[in-house]
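Me: I am new to this structure. Could you take me through a few of its parts, one question at a time?

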Amino acid sequence: MTLEIRDLHAGIDDKKILNGVSLSVGRAELVSLMGPNGSGKTSLAYIIAGHPRYKIYNGRILFEGEDITDLSPDERSLRGIFLAFQNPPEISGLRLLNFMLASYNKRLGHRSNLLFVHDAGFLQRTREYAGLVGLGQELLYREVNVGFSGGERKRAEFLQALLLKPKLVILDEPDSGLDADGLEMIGRLIRKLIDEGTSVLLITHYTRIYRYVEPSRIYVMHEGRIVAEGGLEIARAIDEGGYRKLVDMVVNND
Ligand SMILES: Nc1ncnc2c1ncn2[C@@H]1O[C@H](COP(=O)(O)OP(=O)(O)O)[C@@H](O)[C@H]1O
Ligand SMILES: [Mg+2]
């Protein structure tokens, strides 16, 4: 199993956000996490990546069978966990290409911050992948996300996911703010990651991405709990009655 989360209770300061979440993602498996706004999806993504702001009250996070609950974000990323942000932040003063080179060197185990090209294929691969995700080459030479459109920010995140070849990619609402061409591109990208042996946790609010890529399992989160788990029938139920109906059905049957 690539990722296994067991009975996770977590929050920020005194605010409890996750109330006992368990889920798993297998090797080269696409698993989707859905849920209404505010249900805790982004918090879970940050917690898996090791964001220091969140406190874990109970439960464990296992990555490739090892307990990583107490590891730093850096150590998690070195082990191969990559989070593509819902709202990728701007980093002024740092060009995208240099940012990528620094992450790339780190991923290869070169711990220095020197922007030194250890791998001759770096630039060529970066250019090739930029084409694949539909990001203009000129953006590689601009400051990270500064003045990027919503779609360009998303594409820059995917570019990093492709280049760094992590073992687990968490995509937090990659489909928000993208048009139909963008959706198709994400579908292609996810298939490429899976084909290369990467596991993907796809967080999404909408079912429309399933036209391009089919998850082997869908979890639905509501108020920090997983309230449903299944296949595409869950997506159909959400399309027909929205989250409210699905949650009412499940929670009232409890
Ligand atoms: N920095 C924060 N401080 C306090 N509460 C937060 C913070 N970030 C998120 N929350 C709360 O956690 C809950 C879950 O939010 P979030 O994880 O962003 O949900 P989702 O991604 O499903 O929309 C919400 O009630 C939100 O207000
Ligand atoms: Mg979110």
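Reply: A residue is buried if 20 or more other C-beta atoms lie within 10 Å of its own, and exposed if 12 or fewer do. The model is a predicted one.

Me: Which residues of H4 are buried, and on which side of the helix are they?
Reply: By that count, the buried residues of H4 are Thr126, Ala130 and Val133. They cover an arc of only 75 degrees around the axis, so they lie on the same side of H4. An α-helix has 3.6 residues a turn, so residues three or four places apart point the same way.

Me: What do the buried residues of H4 pack against?
Reply: The face of H4 turned away from its buried side carries the exposed residues Gln124, Glu128 and Gly131. The buried residues of H4 pack against three helices: H3 (96-107), H5 (150-164) and H6 (180-195).

Me: How far apart are the end C-alpha atoms of H4?
Reply: H4 covers residues 122-133, which is 12 residues. At 1.5 Å a residue they should span 16 Å, and the distance between the end C-alpha atoms agrees: 16 Å.

Me: Which strands stand at the edges of the open sheet?
Reply: The sheet has 4 strands in the order E2-E1-E4-E5, with antiparallel pairing. Each edge strand has a single partner strand, so one side of it is left without a neighbour in the sheet. These strands are E2 (15-25) and E5 (66-67).

Me: How many bridges join E1 to E4?
Reply: E1 (residues 3-12) and E4 (residues 54-63) run antiparallel. Glutamate 4 stands opposite leucine 62 in E4. The number of bridges joining E1 to E4 is 8.

Terms used:
Residues numbered from 1 in each chain as written. Chains lettered and ligands numbered in written order. Predicted model: local features only at pLDDT ≥ 70, side-chain atom pairs only at ≥ 80, totals over all residues. Helix = DSSP H or I, 4+ residues; strand = E, 2+ residues; numbered from the N terminus. Expected span 1.5 Å × (residues − 1). Arc of directions from axis to C-beta. Contact = placed C-beta atoms within 7 Å. Pairing = 2+ DSSP bridges.
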